[in-house]
Amino acid sequence: MRWWLLAATLTGVLYLVPSPVGPWWGWVLKPLTTLLLIGLAAAGAPSGYRRLMLLGLLLSLAGDVFLMLPGDWFIPGLAAFLCAHIAYTVAFWRRRSGWAPWGWGVAAALLALGGFMYSQFVPALQPQGGVMLLAVAAYVVAILLMTLRAVLTGHGVIAIGAVLFLLSDAILGWNRFAAPVPLADLWIMVAYWAGQGFLACSVSQRLPSTLSGR
């Protein structure tokens, strides 16, 4: 499995360096990096958890492609990633179904973060209509729930992956809807692929599961 991870790291780094051959460099390397992370997850032992994580990664790949297409494919891309978060949330829920005492603190912190971020996005979203307002609101709720459920699994690999994914989307949203972020594309992609990499690696971890060996 390490070769999948090394290959994904290499293509991700190459994507981030200035293109020597034109825009097709990024069009190839961006989806290829996510595909390699899918290969990493697919190399894990068969289980219900692996199936759900693969579904989330495949939906993320679709989101990557939508956001690369010419024109405005933001809503389809958002929808693909929203569905990916739902798949991840179900997978994490099956890892551990309890509620830790400290979960309320994590939930409150995430709610405060999500509420603040969305409040800063609203002025830019309102001119785009109610559909955009609702779509972004639904996405914020989905990624916050995914992150909460990931942290509540109690497993560092899963929690770090989810938090990095959240960080990536927070930077993306702030840069798009609130104010420019210096080197935004770099931080977004580094956090995104690092997060997805941790989540893909979690498939290979010997973590407790309620899937009864399925």
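Buried means under 20% relative accessible area, exposed over 50%, and partly exposed in between (1.4 Å probe, protein chains only). Keep that handy for the tour.

What you have open is a predicted model, where local features need pLDDT of at least 70 and side-chain atom pairs count only at pLDDT 80 or more, while totals for chains, interfaces and linings use all residues. Residues are numbered from 1 along each chain as its sequence is written, and side-chain values use heavy atoms, with hydrogens and water left out.

Start by selecting Tyr192 and Trp193: both are buried. Their ring centres lie 6.4 Å apart with the planes at 45°, so call this pair tilted. The whole structure holds 10 aromatic pairs.

Next, grab Tyr88 and Phe92, a stacked pair at 6.1 Å centre to centre and 15° between the planes. Both sit in helix α4 (residues 74–95), 4 residues apart, about one turn of the helix. (Helices are DSSP runs of H or I, at least four residues, and strands are runs of E, at least two, numbered from the N terminus.) Tyr88 and Phe92 are both buried.

Last stop: charges over rings, meaning NZ of Lys or CZ of Arg within 6 Å of the ring centre and within 35 degrees of the ring normal. Select Arg149 and you'll find it over the face of Trp93, 4.6 Å from the ring centre. Then try Arg176, whose charged end is over the ring of Phe74, 4.0 Å from its centre.

Methods:
Rings of Phe, Tyr and Trp (its six-membered ring) pair if their centres lie within 6.5 Å; planes under 30 degrees apart count as stacked, over 60 as edge-to-face and the rest as tilted.
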